[in-house]
Amino acid sequence: MNINKHEEYLKDVIILAGEILLESGAGGYRIEQTMNQIARHFGYADCNSFVTNTVINFSLHDLTYPRVKRVTARNTNLIKVSRVNAVAHQITSDQLTVEEALEKLKVIQDQSESYPAHYKAVASALVGLSFLYLQSGDMQNIATAMIAAAAGFFVKERVASIVQSLFIPEFIGALLIAFIVIAMNHGLTDPELSVTLIAAVMPIVPGVLITNSLQDLLAGNLMMALTKGLEAAVTSFAIGQV
């Protein structure tokens with residue numbers, strides 16, 4: 001294979017892997033690490049990668065053109081993150097050629113597979129129950145917290161699939177949670193609205209963004225830490241306005 005052709009294929013693989021990881025909610029430090037790991041496996045020790053929350057920059061070496069990729073869609077899909085990591089491992093262990101890896105990554109990118117909505121709703125209900133317990137909530141609020149958490153997360157996911165905008169899905173989900181909690185606590189003695197609201201809203205709090213922001217901060221990627229931290233803060237502010 002011609003070396004230039006090989007390099008272009010390799011850059012396709014690396015950029016696509018980084019794009020999928022960024023779109024699926026991976027941290028900037030982990031994305032850069034994965035991209036560099038693939039390049040260095042093929043002998044490009046001087047490769048450079050730089051990732052922000054919207055842009056991927058990568059260069060194999062100083063004598064090739066760098067690649068820049070704009071990423072606009074972002075979500076949390078740990079299935080895709082896991083599969084891209086598996087492909088990267090197969091590349092670095094010589095189980096896949098560059099061409100085979102590119103085809104597998106294209107399949108992963110086109111997949112819309114995620115956990116079923118009812119699984120996510122059940123998990124959200126359990127999260128709401130857990131936080132109600134941690135805050136020493138009253139037993140009479142268990143059903144309220146679980147129903148509100150499940151419904152709010154489900155609606156947030158549905159709105160996010162329709163409205164391609166940040167913060168709005170979380171705001172609508174939090175608004176629904178507030179309505180459910182207030183309605184179901186109507187007539188109860190000592191309803192503890194604040195405790196139940198906090199417990200029910202926890203599934204839509206941007207925990208992945210906060211975690212990635214701290215991870216990037218510790219890794220020295222200050223720009224990524226700042227942008228993700230700001231995005232998490234504004235999202236939390238939108239939830240808190242309810």
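How do the residues of the lining of the largest pocket divide into nonpolar, polar and charged? In this predicted model, where local features need pLDDT of at least 70 and side-chain atom pairs count only at pLDDT 80 or more, totals for linings use all residues. Residues are numbered from 1 along the chain as its sequence is written, and side-chain values use heavy atoms, with hydrogens and water left out.

The lining divides into 22 nonpolar, 15 polar and eleven charged residues, Asp, Glu, Lys and Arg being counted as charged, Ala, Val, Leu, Ile, Met, Phe, Trp, Tyr, Cys and Pro as nonpolar, and the others, Gly among them, as polar. Of these 48 lining residues, Arg 74, Asn 75, Thr 76, Lys 156 and Glu 157 lie nearest the pocket centre. A pocket is here an open set of points on a 1 Å grid over the protein atoms alone, where a 1.4 Å probe fits, with protein on both sides within 12 Å along at least five of seven lines, and lining residues have an atom within 4 Å of a point. The largest share of the lining, seven residues, comes from α6, helices being DSSP runs (H or I, at least four residues) numbered from the N terminus.

Helix α6 also contains Ile 162, which is exposed (over 50% relative accessible area, 1.4 Å probe, protein chains only), with a value of 64%. By contrast, Asp 216 in helix α9 has a relative accessible area of 0% and is therefore buried (under 20%). The C-alpha atoms of Asp 216 and Gly 28 are separated by 6.4 Å, although these residues stand 188 residues apart along the chain.

Technical notes:
Helix = DSSP H or I, 4+ residues; strand = E, 2+ residues; numbered from the N terminus.
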